[in-house]
Amino acid sequence: MKLRKQVTVCGGAIFCVAVFSLYLMLDRVQHDPARRQNGGNFPRSQISVLQNRIEQLEQLLEENHQIISHIKDSVMELTDTGAVSPSGHLPFRSANGSWVLPFDGRPSFVAVKSQDCQVAVDNHGQSDLQMLDVYSLLKFDNLDGGVWKQGFDITYEPEEWDKEPLQVFVVPHSHNDPGWIKTFDKYFLEQTQHILNNMVLKLGEDPRRRFIWSEISYFSKWWEGADKQKREVTRKLVKSGQLEIVTGGWVMTDEANAHYFAMLDQLIEGHQWLETNLGVKPQSGWAIDPFGHSATMAYLLKKANLTSMLIQRVHYSIKKHFASTRSLEFMWRQSWDKSSDSDIFCHMMPFYSYDVPHTCGPDPKVCCQFDFKRLPGGRVNCPWKVPPKAVVEANVEERANLLLDQYRKKSKLFRSKVLLVPLGDDFRYDMALEWDQQFSNYQRLFDYMNAHPQMHVKAQFGTLSEYFSAVYKAGGVAQGARPADFPVLSGDFFAYADREDHYWTGYFTSRPFYKSLDRVLESHLRGAEILYSLALGHARHAAMEGRYPVADYALLVDARRTVALFQHHDAITGTAKENVVVDYGARLLRSLIGLKRVIINAAHFLVMKNKEFYRFYQTEPFLETDDRRATQDSLPQKTLIELDSTGPRYLVLYNPVEQERLCAVSVLVNTAHVRVLTEDGQTLPVQVSAQWASPIQMSSEVFKATFMARLPALGLAVFHLYNMADSPMTLRSDTLLRLPGAGVSARAVDPLPVRSQQADPQPFFITTQSLTLGFSGTTGLLESIRLKDDPQEVKVQMHFLVYGTRPSKDKSGAYLFLPDGTAKPYVQKEPPVVRVEEGPLFSEVVSHFQHFQQTVRIHNVPGADGLSVELSTAVDIRDQTNKELAMRLVTDIQSGDVFHTDLNGFQMQARRQFLKLPLQANFYPMPSQALIQDSQHRLSLHSAQALGVASLESGQLEVILDRRLMQDDNRGLGQGLKDNKKTVNRFRLLLERRDTGNAVRTERERDGAPAFPSLLGHLTGAVLNHEVLALPVLPKKRGVPQLQTFCPLREPLPCDFHLVNLRSEDPNSPSPYTAMILHRKGMDCSLESPSLGFNCSTTQGQLGVSGLLRGLDLQLLQPVSLTLMHSAPPLANDSSVSLNPMELSAFKLKLR
C-alpha cells in the first residue's frame, strides 16, 4: 500500500515537470526575436500552430488535474478507516434518542442593538382612519339606498357652487387586461393595437381631447410595430399632456397574492421602458380593477416618486361609510410609520364599478345615457332600458342639466369642488366610431356648460394628473401634500365584496399550482439577477467581458417580463380562462428554463479557480440544472447525479440568501454508497435514505443523500461526491411503515432497512436537538411541538377539512368563496399509510391520504434551518366536485379574535375575526405568512405560495389548499375551476417563546397594533422562499478544471438587511450600471433568539457599500427612486448608506 502511494505521487510529480517544460518551450516561441521582426505580425500558419499548442497545453493541464484527483482518491482509500468530520468526531445518539452531529464547530453570535428593534416597540403614527377600527364600527347591513343601491340619497342646494364653480375632469380610459378571456397576444391582435392606433389618430384631431393608458406590456408591444411617424406623434401627445401614462407598470398588478419583489419588478420594467422610449416619468397611480387594495402598493408608488393614486374595488359598505363622511380622498400612511414620510394622496372611486354607468354620479340609469358607445344601433345597450341620445342643439340644455345634476351629487361626497369622472371600460375605444361618439357628444355638453355661467361649472376632458393638480391647487398645497382637513388612513382594503355577501376571497387560493410556480420563478429571477451582475462585474474586472456570455441578459429581460405579466390581476389570481392559463404557464416555464441557464453560466465563471481556463460553449453547459419540468403543468423532477468508481462528481451549491447558511442539502444519487467531501477534502456526515416509488415501495435505482453544508452569503460552494465504500460518516435512515392493515407489507432495498407494523392509536414522536414533534398514531398528522429546554409541549394539531358550495343559484367560483356552511372533517374509508423516517440529519413523517400526501420534516442542524418544521402538502382533488380542501392548525395559544397576515411579503397586517360577518369574509390573502400569538408563544406559518387564510376561532390558523368548482360565479369569466393540477404546497411552521413581561404589548396587539417577525421569523421565510440550488458539474472527458468556493461579500450584510435585487442594465448600453435594492426589515426582539448558526449583527441601518463586494471596485454610488427614474446626487464612493426600519431604497452602482 505504501509503495502504491509513493508510485502515484512520483508519477504526478513527473507529469508536473513535463507540463512545466512545455510552458518554457511555448514561452521561448513567443519571445523569439526572429518571429517578431515584422512588428509582431505572425504568419497565419504560425498563429495556427501556436493555437494548437495552447489547446494541447490546456488538455494536458486538465489531464493533470484528473491525475491529482485520482491521487486524492488513493489517499482517501488509504485513510478510509479513519475518515473524520471537520470537528474530529463522529455522529452519535444522545440519551433522548436525538442525533448529535459533528459540524465545523464555528462559534456564532447574535448582536442585535435594541435600537434596531424599536419599530416593534414604539407607539405608531396616528391616523384618523384605522381600517381595523372601521371594520369594528360598521354594521355591514346592506340597506337599500335607492338609485344608488349600496349608498344613500344625495341632495344639494343649487347655490352651493355660486362662489366656487364645480371643476369637472372627464378622463377617457380603456382598461386592457393582459390576458383574461383571451390570451395576451389575441387581445392585442384583435383589440388593443386598434385602440392605440385610433388614439394616435383621434387625439390629434382636437387638442382638447385627453386619454390615459396604464399597461406598458401592451404599449411596448404596440411600439415595437409602430412606424417612426406614429412614435413621433405619440411622443408629442405625451409632451403636450393629451396622453398620460398612469402608474406605468408592466401590468395593473394584483395586490392580494403578489409578492412585493414582483410588484416592484414589474413597476421597474414599465418605468425603465418608459424612460428609454418616451422619456416620461409617471406621476399618478391608477388601479381600477384589482380585487382589493394593499398598503404595500401605496408604499411602492410613493417610493417611486408618484404623488397621487386612485383605487376602485373596495367593499361597498366601506365605500358608503367613507362617502357619508366625505373621506373618499385621504392620505394613505403605512401602519408602522411614526412620521408622515410614507403618506400618499389617494382617491377612492365611490360607486359599484369603473364603467360609465357607475362613474358620472349615483344613478346608473342616468349615467348610462351618457355612454355614447351605447347609442341605439350599436352592439352594447343600457340594462336600465333608457338609451343614450346623441347631443344636438335641440336637446343639449336638457342633457347638460341632467348630467350636471349627477356631477353635483357625486361631488357632494368629496371635500373639494373638483370632480373626477372616468369615461371608459374594458377594451374601449377599439373602433374609430366610439372615439367620435364619446368625444364629440361630450364636447358639445362641455361647450354648453362652460358657455352658461349660471350653471357654475367648468367641464373639460382631463388626465388623471390634471385632476389631482386641480385638487392640490384648490387646497392651496404643493403636489402630493395633504390638503387641510383631509383625513389620514392606515390599513388595507381586504376582503372585497361587490354586493350582498359575495366576498372575493376565493381567488386568494384559486389555481395554487401557478401561484407556486410564480414564486419559484421569482426566486430564480432574483438569484439569476444577482449572480449575473456579480459574474459580469468580475468579468469586467478581469478584462474578460468578451469571453463571458453577456447575451444571457436577453434571458433576464424575458424572465422579468414574464414575471411582470403574471402579476396581472387575472393571472396570479387564477381567474383567467383555461387556455389563457396554459399560455401563462408556457411563458413561466420558458422563462424558468432561461433563468436556470443564466444561473449555471454565471456559476460556471465564478467557481473557476483560474479564470484563464474558462471556456463558454453554448451547446456544452458546464453545470446541470437542479431540476427539470417536463411540461408547464408538471411538478419538477430533481436531477439525478450518477456516481461511478472512476472519480468524483463535483456539486456546486448556490445560496441566494444574503446571510451565511448552515443547512441540510438533499440530492438524488444512483447509489446508496456515497461519500461527500468539502472543497478542502473534509468528509461530511451523510444521511442516505430511500426514494419512494409508492407509499410502500422503495426505488432500487435512486437514493437520496442528505448532508450538512455551510454556504457563503449569496455565494457558491463546491463539494465532491464519491461512489465508494461507506465511512463512519455515512449513515442510513431508519424507516418504519405504520400500515393500516395486516395484508400490506413493504420490501426493503439493500442496504436500506425498513420495518413495518400495524398502526395503533398511541401517539409517536420524532426529535432533534431543537424540537420534539408528536403525531397521531392513527393519522400520522402533527399533534404537538415541544421546544428544546421547554418542559411544556404546545398543542399544534393538524386537521384537514372540506368546504362545499351553496345549493342556491350563487355558488363559489374562481373569484368568490360562497361555502355551504362550516367545513366538514376530511374522511376516508381506510386509515392512511404512515412512513416514519429518522436519521442524524433529518427526520420526517409522511401520511398518505387519498387526496393529499402530508410530509412533516425537521432538520437536525444547528441554527435557523433546524428551528422550524418543514411542511409539504401534495394535493390532488381532480376527482372531486365543488369541494375546497383546507388545512387547519388547532393550538392552545390564547390568540382571541386577533391574528396577523402579511401584505405582499413586505409587512404584517392585524386582522380580527368578526362574527357579524359571514364566514367567507374572514379569509384574507397570505402571500408569505400568518401568525397567532399570546403572551407566552407565537406560532407563525410561512408559505412558499399565496393562499387564503383565516383564524376562525382562538388558537387556530386555517389555509385553503386547493379549490375545484364546477361553475362560473357570474363575474365575467364564464368558467369554473376544473383544470386542477397535482400541486405541492410548501410551508414552514415556526413556534417561538415570547419573553415574559409583555402584557402591555400583548394588549396593544389585541387592539390591532402592527406585528413584526422576529429575526428568526425573517430567516425562516427567506430559507423557505429562496432554496439552495444544487448544480452538478457535468462529467468532462478531459477532466474538470480546478474549482473553488465563491464568496462575493467581504463582510456579511447586517442581519436586518435584505438584498431585494442586484439588477443589471443592458450590458450593451453606453454606461451600464447595476441597481442595488435594499430592504431594512422591521424586527420584533421580544421573542427568544436562539443561535442562528452564523454571526449576526445590526448596525442601526448603516451599510458601507464600497467594501461590500469582494474583488470588485465601486466607481459610482448614487441614490435613486425605487424604480430608478429619479436620481439624487452621487455619494462619495466610500460613503455609508442609511435605511430606517421597513424602508426600501435603491442605488445605482457602477462595478468593475
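**Figure 1. Contact between helices H16 and H17 in the predicted model.** Leu555, Leu556, Asp558, Ala559, Thr562, Leu565 and Phe566 of H16 meet Tyr584, Arg587, Leu588, Arg590, Ser591, Gly594, Leu595, Arg597 and Val598 of H17, where contact means heavy atoms within 4.5 Å. These residues of the H16–H17 contact comprise 9 nonpolar, 3 polar and 4 charged; Ala, Val, Leu, Ile, Met, Phe, Trp, Tyr, Cys and Pro count as nonpolar, Asp, Glu, Lys and Arg as charged, and the others, Gly among them, as polar. H16 spans residues 553–566 and H17 residues 578–607, and the two pack at an angle of about 145° with their axes 9 Å apart. Axes are lines fitted to C-alpha atoms, for helices over the stretch in contact, and angles run from 0 to 180 degrees between N-to-C directions. The crossing of H16 and H17 is left-handed, a term used if the near helix is turned anticlockwise from the far one by less than a right angle, right-handed being the clockwise case. Helices (H or I, at least four residues) and strands (E, at least two) are DSSP runs numbered from the N terminus. Residues are numbered from 1 along each chain as its sequence is written. Because this is a predicted model, local features need pLDDT of at least 70 and side-chain atom pairs count only at pLDDT 80 or more, while totals for chains, interfaces and linings use all residues; side-chain values use heavy atoms, with hydrogens and water left out.

Figure 2. An unreviewed UniProt entry assigns "domain: Glycoside hydrolase family 38 central" to residues 502–588; UniProt positions are in the numbering used here, feature names are shortened, and annotations may be inferred rather than shown by experiment. The span is 63% helix and 2% strand, and its end C-alpha atoms lie 31 Å apart.

**Figure 3. Packing of helix H5 against helix H7.** H5 and H7 (residues 228–240) pack at an angle of about 65°, and their axes are 10 Å apart. Asn197, Met199, Val200 and Leu203 of H5 make the contact with Lys230, Val233, Thr234 and Leu237 of H7. By class, this H5–H7 contact has 5 nonpolar, 2 polar and 1 charged residues. The crossing of H5 and H7 is left-handed.

**Figure 4. The second largest pocket.** This pocket holds about 960 Å³ of space. On a 1 Å grid over the protein atoms alone, a pocket is an open set of points with protein on both sides within 12 Å along at least five of seven lines, a cavity is a set where a 1.4 Å probe fits but cannot get out, and lining residues have an atom within 4 Å of a point. Grid points are joined across faces, edges and corners, and a volume is the space filled by probe spheres set on the points. Of the 38 lining residues of the second largest pocket, Val380, Asp425, Asp426, Phe427 and Arg428 are the closest to its centre. Helix H13 gives the most to this lining, with 3 residues. The lining divides into 13 nonpolar, 8 polar and 17 charged residues.

**Figure 5. The largest cavity.** H19 gives the most to the lining, with 5 residues. By class, the lining has 12 nonpolar, 15 polar and 6 charged residues.

**Figure 6. Two cis peptide bonds.** Phe494 and Ala495 are joined by a cis peptide bond with omega about 0°, and Ala495 is placed in the loop between strands E14 and E15. The bond from Asp750 to Pro751 is also cis, with omega near 5°; Pro751 is in the loop between strands E27 and E28.
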